[in-house]
Amino acid sequence: MLKILIPTLMLIPTAWFAPPKWLWPLTLMGSLLIAVTSFSWFKSTSEVGWTTLNSYMATDPLSTPLLALTCWLLPLMILASQHHTHNEPLNRQRTYLTLLISLQFFLILAFSATELIMFYVMFEATLLPTLMIITRWGNQAERLNAGMYFLFYTLASSLPLLVALLILQNTSGTLSLLTLQYMSPMSLTTHADKLWWVGCLLAFLVKMPLYGVHLWLPKAHVEAPIAGSMILAAVLLKLGGFGMMRMMLVLEPLTKEMLYPFIVFALWGIVMAGSICLRQTDLKSLIAYSSVSHMGLVVAGILVQTPWGFAGALILMIAHGLTSSALFCLANTNYERIHSRSILLARGLHMVLPLMATWWFFASMANLALPPLPNLMGELMIITSLIGWSYWTLALTGTGMLITASYSMYMFITTQRGPLPNHLVALDPSHTREHLIMALHLLPLILLILNPQLISGWVN
């Protein structure tokens, strides 16, 4: 674990003391080395599942794919941010890089924590760098409003989690995930116990986000700079799913009777968020609502509590992380040339950027879960486990998949096909840097077709 954490920390002095000319290349190389080293976590799985163990941090088949995704994303964020920060003062560029690196540091500690309180502290610590990235480097004046929404939604929902964890510490005597799994299930019968159950999950349901408490997400995505959108879509939403999976260990007896309203909201959210996507004109907003729709499926898969539901949720989280991050990068390449997020103003771009249109096609197909990509595998596993729970779920999940296919095709056809509008003149050509970012997003997705067991959460 330290072989990743210490180099991550060392990137901060690199960002501050590197010569201006070498600032971006050095941090990029350092983060790429960390990302490649993180793949070694996949190799060492023990019989009990927990590896690279010390008293506070460990990896298991659930956290390893998310840790690798976190490390993989930092070099991509650095690559994607170079264009829009190169006119800024040097100190501000250094601060920006420091925030991205510290965010990776907190996320690694959150995903590898074996103590629930440590997980909670790191879960909250990721809030600060993200808030600073959104409110300082966002594009419009609304970024302050978006930052407030993000802060208060997250804080208001995570206070009950802290109280619930302290109650759990009092009743069970431990908050270590290594020992909680061997505790006998608690007898949860009173109304207070049911409130405690909601308190345990509320913070994660808001972070995912569940439809109904999702309003902070489109605002934060639309106003954030490209790196903020990437880390938010790819990893920070997954903190919610990861926390839910961890807490399910403790909440087992009550979940079977408490899950009905939450699964209904999640499944309804798939259809509603997808329908909202169909009438969006803002490209980033469309991709953000698409995340709400996909995360609804993940929430349902986790709450059903079957091995297939859990494995499908994890596969879909990783696949969606790579896909939505790639889509935000593509939306950013449009924005850097046209200076507008409106789909109505950016049409027919395959005429001037044909290779970018190819990347758009691949990313859109991944978003609508084209076989044999892991996106489809995750969705099918979740839908299968939901059908086992109730046949009626098929109506909502089936409709949700159709709507997902519709808005993905709508997004691709509207932005790429048709004649080029007259107001688009003298567009910059696409750069090698942008093609590299897209390749590094979509190649792992294609390679995971060959070995999806890596991200399924099952011990080899």
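Modeller: Two residues are in contact when heavy atoms lie within 4.5 Å. The model discussed here is predicted.

Colleague: Leaving aside its neighbours within four places in sequence, which residues is L62 in contact with?

Modeller: L62 sits in the loop between α3 (40–43) and α4 (63–85). Its neighbours within four places in sequence are left aside. By the 4.5 Å cut-off, the residues that remain in contact with L62 are F242, M245, R246 and L314.

Colleague: Is L62 buried or exposed?

Modeller: The cut-off for buried is under 20% relative accessible area. L62 has a relative accessible area of 14%, so L62 counts as buried.

Colleague: How far apart in space are L62 and I34, C-alpha to C-alpha?

Modeller: L62 belongs to the loop between α3 and α4. In sequence, L62 and I34 are 28 residues apart. In space, C-alpha to C-alpha, the distance between them is 20 Å.

Colleague: By class, how many nonpolar, polar and charged residues has the contact of α2 with α4?

Modeller: α2 passes α4 in a left-handed crossing. From α2 the contact includes W24, L28 and I34, and from α4 it includes W72, P75 and Q82. By class, the contact of α2 with α4 has no charged residues, six polar and 12 nonpolar.

Colleague: Which residues of α6 does α5 meet?

Modeller: Helix α5 (residues 90–112) and helix α6 (residues 116–125) pack at an angle of about 155°, with axes 8 Å apart. The two are therefore roughly antiparallel, and their crossing is left-handed. On the α5 side the residues are F106, L109 and A110. On the α6 side they are M118, F119, M122, F123 and A125.

Colleague: By class, how many charged residues has the contact of α5 with α6?

Modeller: The residues that meet include F106 in α5 and F119 in α6. By class, eight residues of this contact are nonpolar.

Colleague: How many of the 10 residues of α6 are buried?

Modeller: The buried residues of α6 are L116, M118, F119, Y120, M122, F123, E124 and A125. α6 is thus mostly covered, and the number of its residues that are buried is eight.

Colleague: Which backbone oxygen does the side chain of S364 reach?

Modeller: S364 is in helix α15 (residues 354–367). With a relative accessible area of 0%, S364 is buried. Leaving aside neighbours within four places in sequence, S364 is in contact with L327, S408, M411 and F412. The backbone oxygen, at 2.8 Å from the S364 side chain, is that of W360.

Colleague: What is the omega of the cis peptide bond that joins P371 and P372?

Modeller: Most peptide bonds are trans. A cis bond joins M208 and P209, with omega about -5°, and P209 lies in the loop between α10 (191–207) and α11 (216–223). P372 lies in the loop between α15 and α16 (374–389). For the cis bond of P371 and P372, omega is about 0°.

Colleague: What value is phi of A369 near?

Modeller: Most residues other than glycine have a negative phi. Q305, in the loop between α13 (283–304) and α14 (307–338), has a positive phi near 60° and is buried at 17% relative accessible area. A369 lies in the loop between α15 and α16 and is buried, with a relative accessible area of 5%. Its phi is also positive, near 65°.

Key. Residues are numbered from 1 along each chain as its sequence is written. This is a predicted model: local features need pLDDT of at least 70, side-chain atom pairs count only at pLDDT 80 or more; totals for chains, interfaces and linings use all residues. Side-chain values use heavy atoms; hydrogens and water are left out. Axes are lines fitted to C-alpha atoms, for helices over the stretch in contact, and angles run from 0 to 180 degrees between N-to-C directions. Helices (H or I, at least four residues) and strands (E, at least two) are DSSP runs, numbered from the N terminus. Angles under 35 degrees count as roughly parallel, over 145 as roughly antiparallel, 65 to 115 as roughly perpendicular and the rest as oblique. A crossing is left-handed if the near helix is turned anticlockwise from the far one by less than a right angle, and right-handed if clockwise. Ala, Val, Leu, Ile, Met, Phe, Trp, Tyr, Cys and Pro count as nonpolar, Asp, Glu, Lys and Arg as charged, and the others, Gly among them, as polar. Buried means under 20% relative accessible area, exposed over 50%, partly exposed in between (1.4 Å probe, protein chains only). A polar contact is a pair of N or O atoms within 3.5 Å; within protein, one must be able to donate a hydrogen and the other to accept it, and residues adjacent in sequence count only if both atoms are side-chain atoms.
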